[in-house]
Amino acid sequence: MMNKFLEKIEEKFPIDKAQAHCDIPCGIYDPITAQIAAMTVARMTDTIIELEEHEAKEHNSNRDHHYSNKISRMIAEKERSAELVKHEVRIIWGDFFKEPQFQKFPEAHGLVHEIMLVASKCKQNVDAEASRLLMNKMNRFAEIFWDVKEISHSVKKYHCKPNLDMVYPEL
């Protein structure tokens with residue numbers, strides 16, 4: 001009944017349909033959130049490994065509540081950040097990239113899939129090598145993004161540990 005009522009109103013007062021490339025046509029896309037999240041995954045992974053090594057030396061595996069609290073918080077942040085990488089990349093891949101970009105950068109689909117897989121691996125394990133691979137793949141994704149926008153970019157060391165390379169736009 002309500003649909004018929006609305007159809008009658010629309011017949012008398014036509015409403016232009018909005019067309020947008022994303023859920024909210026804001027036009028604001030930037031891979032930096034995903035890059036920082038990937039850097040956080042690497043940092044949390046390193047910190048978990050360092051804490052494990054320290055606790056093994058100091059307490060001979062006699063772990064207290066302080067240790068349990070620290071390690072659980074680090075793991076939670078590592079997992080949250082890995083999921084944020086996946087979320088942000090999905091938005092850019094699904095809402096920003098269109099067929100012309102996929103033709104120009106045919107590796108984009110495969111790269112996004114690899115990012116998803118490596119981010120999942122980082123959530124499942126404490127793997128320093130995987131965390132570095134995630135950062136490298138995010139940097140390649142950022143390079144493609146900035147190339148699509150025709151904005152030059154460069155690679156610089158990130159200012160926080162683990163001080164890995166990060167792609168930045170030259171604005």
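Here is a walk through this structure, from its overall layout to the packing of its side chains. Keep in mind that the model is predicted.

Let's start with the big picture. What about contacts between residues at least 6 apart in sequence? Of these, 65% join residues at least 24 apart.

Now pick out α3. This helix has 32 residues, and from its first C-alpha to its last it reaches 45 Å, close to the 46 Å expected at 1.5 Å a residue. Look at its start, too: a side-chain oxygen of Asp64 comes to within 3.2 Å of the backbone nitrogen of His66.

Next, head inside. The largest nonpolar core has 38 residues, and the members that touch the most others are Val85, Val89, Phe97, Ile115, Leu134, Met138 and Phe141. Which elements give two or more residues to this core? They are α2 (32-59), α3 (65-96), α5 (108-124), α6 (128-148) and β2 (165-169). The top contributor is α6, with 10 residues. Apart from this core lies another one, made of 6 residues, including Met44, Tyr67, Ile71 and Met74.

Leaving aside residues up to four places away in sequence, Phe141 touches Pro31, Val89, Ile92, Trp93, Phe97, Leu111, Val112 and Ile115.

That brings us to the aromatic rings. To describe a pair of them, you give the distance of the centres and the angle of the planes. The whole structure holds 6 aromatic pairs. Take Phe97 and Phe102: their ring centres are 5.8 Å apart and their planes meet at 45 degrees, so this pair is tilted. Both of these residues, Phe97 and Phe102, are buried. Phe145 and Trp146 make an edge-to-face pair instead, with 4.7 Å from centre to centre and 85 degrees between the planes.

Are Phe145 and Trp146 buried or exposed? Buried means under 20% relative accessible area. Phe145 sits at 0%, so it counts as buried, and Trp146, at 5%, counts as buried too.

Finally, step back and see how the rings connect. Ring pairs link Tyr29, Phe96, Phe97, Phe102, Phe141, Phe145 and Trp146 into a cluster.

Terms used: Residues are numbered from 1 along each chain as its sequence is written. This is a predicted model: local features need pLDDT of at least 70, side-chain atom pairs count only at pLDDT 80 or more; totals for chains, interfaces and linings use all residues. Side-chain values use heavy atoms; hydrogens and water are left out. A nonpolar core is a set of buried Ala, Val, Leu, Ile, Met, Phe, Trp, Tyr and Cys residues joined through side-chain atoms within 4.5 Å. Buried means under 20% relative accessible area, exposed over 50%, partly exposed in between (1.4 Å probe, protein chains only). Helices (H or I, at least four residues) and strands (E, at least two) are DSSP runs, numbered from the N terminus. Contact means heavy atoms within 4.5 Å. The expected span of a helix is 1.5 Å times one less than its number of residues. A polar contact is a pair of N or O atoms within 3.5 Å; within protein, one must be able to donate a hydrogen and the other to accept it, and residues adjacent in sequence count only if both atoms are side-chain atoms. Rings of Phe, Tyr and Trp (its six-membered ring) pair if their centres lie within 6.5 Å; planes under 30 degrees apart count as stacked, over 60 as edge-to-face and the rest as tilted.
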